[in-house]
Amino acid sequence: MSLLETLKQWEGDFQTEVAQVQKNPEAEVVEQLRVRWLGRKGKVSTLYEQLKELGGEERPKVGKKINDLRTSVETSLERLKSISLQHAIDAKLTDRKLDTSLPVSRNFMGGSLHPVTLIRTQFLKEFRRYGFSVWEGPELEFDFYNFGALNFPDDHPSRDMQDTFFVADRQKLVLRTHTSNIQIHAMLQNPPPIRFIAPGRVYRCDNDLTHSPMFHQLEGVLVDRGVSFAHLKGMIDAIVKALFGHDVKTRFRPSFFPFVEPGAEVDMLCTLCRGKGCRVCSQTGWLEIMGCGMVHPNVFENVNYDSEAYTGFAFGMGLDRMAMLAFGIDDLRLMFEGDEQFHNCFPVYPAR
Ligand code: DAH
């Protein structure tokens, strides 16, 4: 067979082989085809070998034909390679069987609200039912609002008792030790009658298993004509029952705070043992939850309220403790560590 005849036949052969590979375009098969035709000892190489033996005028003519064959083999192989790649991708996709109609995971990157936020929201809701509005006040505070106007005498041990973070001595700036400072801001800015609650962060130089240097309080004040201690008792008892259950009793014990007279501390029946005595309530059956009392006449004087015409009550509670009781959290540190597993126990808000 002459070289030209071989060339012609191989052109046909190559097309047949390409058609064959197209039926099953795996990368390996395509590579075998390439080696067979374009490899160092492949068919195209042998054609060039034979060309060397050809003489005279024929040589450039046949040489061009071989070049044409090589180019068309190269082009076909490139095309086969991309078909093969696509084939592999398709195979992978059908293999995975990804069901794109499945709903998106509900927990995907979903955060949750902090227990303090949850309990605060509940308290705000309850107090709003009694017509209380919500106030805020500064966390960096002048001595006057945190202590002075609240009837703490200059040399009163309460100032040390509260273990205050002093920020700047000369201007007497402190990190507020309680949310009671908001009482003064609110009353100086509004004439009576007034009723508000004020949640916020407070700071004390305390840091151990049961104390954190920053914690949360909720303050409340109601001033009007004819307000009595009975109003305070009735409302606090009703709100505790609304949040913790109707069998949860409260009791008021006399106590002292410079800005109220009389002053009291409120206990509620232990949420865990319902009064029987357990580890949480130190076997007493009761849990202390807030301080309260009738606003002291000296405080009224400091905010220019007429203490002859008006009376009022005030109360303040620790929200971290309330959250721990409400959700059965037995370690204060959990409240501040930001542990993801802990926070995943709480629902996102609004609850879905
Ligand atoms: N401010 C007090 C504290 O931090 C709590 C408190 C007691 C607030 C009695 C009040 C109150 O409004 O009447 O311990």
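## Aromatic pairs

Phe-127 and Phe-132 are both buried, where buried means under 20% relative accessible area, exposed means over 50% and partly exposed lies in between, with a 1.4 Å probe and protein chains only. This is a predicted model, in which local features need pLDDT of at least 70 and side-chain atom pairs count only at pLDDT 80 or more, while totals for chains, interfaces and linings use all residues. Residues are numbered from 1 along each chain as its sequence is written, and side-chain values use heavy atoms, with hydrogens and water left out.

The structure holds 15 aromatic pairs; rings of Phe, Tyr and Trp (its six-membered ring) pair if their centres lie within 6.5 Å, and planes under 30 degrees apart count as stacked, over 60 as edge-to-face and the rest as tilted. One of these pairs joins Phe-14 and Trp-37 edge-to-face, at 5.0 Å centre to centre and with 75 degrees between the planes. Phe-14 belongs to helix 1 (residues 3–23) and Trp-37 to helix 2 (residues 27–38), so this pair ties together parts that are 23 residues apart in sequence; helices (H or I, at least four residues) and strands (E, at least two) are DSSP runs, numbered from the N terminus. Phe-14 is buried at 0% relative accessibility, and Trp-37 is buried with a relative accessible area of 0%. Phe-127 and Phe-132 also form an edge-to-face pair, at 5.4 Å centre to centre and with 65 degrees between the planes. Ring pairs link Phe-123, Phe-127, Phe-132, Phe-313 and Phe-315 into a cluster.

## Salt bridges

A search of the whole structure finds 13 salt bridges, each being a side-chain nitrogen of Lys or Arg within 4 Å of a carboxyl oxygen of Asp or Glu. In one of them, the side chains of Glu-139 and Arg-201 meet at 3.3 Å, N to O. Glu-139 lies in the loop between strand 1 (133–134) and strand 2 (140–142), whereas Arg-201 lies in strand 5 (residues 194–203), so the pair ties together parts that are 62 residues apart in sequence. Glu-139 is partly exposed at 26% relative accessibility, and Arg-201 is partly exposed at 39%.

Arg-251 forms a salt bridge with Asp-267, with the closest N and O atoms 2.9 Å apart. Since Arg-251 lies in strand 7 (residues 250–255) and Asp-267 in strand 8 (residues 260–269), the pair ties together parts that are 16 residues apart in sequence. Arg-251 is partly exposed at 32% relative accessibility, but Asp-267 is buried, with a relative accessible area of 3%. Salt bridges link Arg-251, Arg-253, Glu-265 and Asp-267 in a network.

## Helices 3 and 4

The axes of helix 3 (residues 43–53) and helix 4 (residues 58–96) come within 10 Å and cross at roughly 175 degrees; axes are lines fitted to C-alpha atoms, for helices over the stretch in contact, and angles run from 0 to 180 degrees between N-to-C directions. That makes helix 3 roughly antiparallel to helix 4, where angles under 35 degrees count as roughly parallel, over 145 as roughly antiparallel, 65 to 115 as roughly perpendicular and the rest as oblique. The contact (heavy atoms within 4.5 Å) includes Val-44, Leu-47 and Tyr-48 of helix 3, and Val-62, Gly-63 and Ile-66 of helix 4.

## Helix 11

The buried residues of helix 11 (residues 319–327) are Leu-319, Asp-320, Met-322, Ala-323, Met-324 and Leu-325. Just after helix 11, Gly-328 takes a positive phi of about 65 degrees.
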